[in-house]
Amino acid sequence: MVVENHYAQGLFNGDVGIIWPAANGQLKAWFDTDKGLKTVSLSRLPAVETVFAMTVHKSQGSEFEHVVMLMPAPVSSHIANLCSRELLYTGLTRAKAGCILVGDESRFTAMVGRQQQRYSGLAHTLHTLAGQAVN
């Protein structure tokens, strides 16, 4: 997975390719683009990470034909709080054609039922400022 934009190569953070031999046997990086397969010499790749699987966070901004999303049993309440409706939605919407969810129905139901609460302080600040403006 590309982790650094490289405009000259037309490769961007989050692009995913595979390393595979070309017809001459030389290893190349292959990327599926809107214009077809693009090959890049390994020596010309920007910063990359080996990815066998990726987190939902790392997949944001990317789309895939098919996604397999694991829903493991949370090992702590902190991790359970991360397994939310928003995480499930983000993972599912990476798939263009289909998604396989791996887990049981109770985990799916728990994720759908758990909604993240974000506390940025913005509502409180706006309310405070509005109150000051009235006085």
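Helices (H or I, at least four residues) and strands (E, at least two) are DSSP runs, numbered from the N terminus. This is a predicted model, in which local features need pLDDT of at least 70, side-chain atom pairs count only at pLDDT 80 or more, and totals for chains, interfaces and linings use all residues. Residues are numbered from 1 along each chain as its sequence is written, and side-chain values use heavy atoms, with hydrogens and water left out.

**Annotated domain**
- An unreviewed UniProt entry carries the annotation "domain: UvrD-like helicase C-terminal" for residues 51–102; positions are in the numbering used here, the feature name is shortened, and such annotations may be inferred rather than shown by experiment.
- Residues 51–102 are 35% helix and 29% strand, with 19 Å between the end C-alpha atoms.

**Helix 3**
- In helix 3 (residues 85–92), L88, T90 and G91 are buried, meaning under 20% relative accessible area, where exposed is over 50% and partly exposed in between (1.4 Å probe, protein chains only).
- These residues lie on the same side of helix 3 because they cover an arc of only 165° around the axis, taken from the directions from the helix axis to the C-beta atoms.
- The cover over the buried residues of helix 3 includes helix 1 (56–59), strand 4 (64–70), strand 5 (95–102) and helix 4 (105–113), by contact of heavy atoms within 4.5 Å.

**Cysteines**
- The structure has zero disulfides, a disulfide being a pair of cysteine sulfur atoms within 2.5 Å.
- The closest cysteine sulfur to that of C83 is in C99, 15 Å away, which is too far for a bond.
- C83 counts as buried at 15% relative accessibility, whereas C99 counts as partly exposed at 30%.
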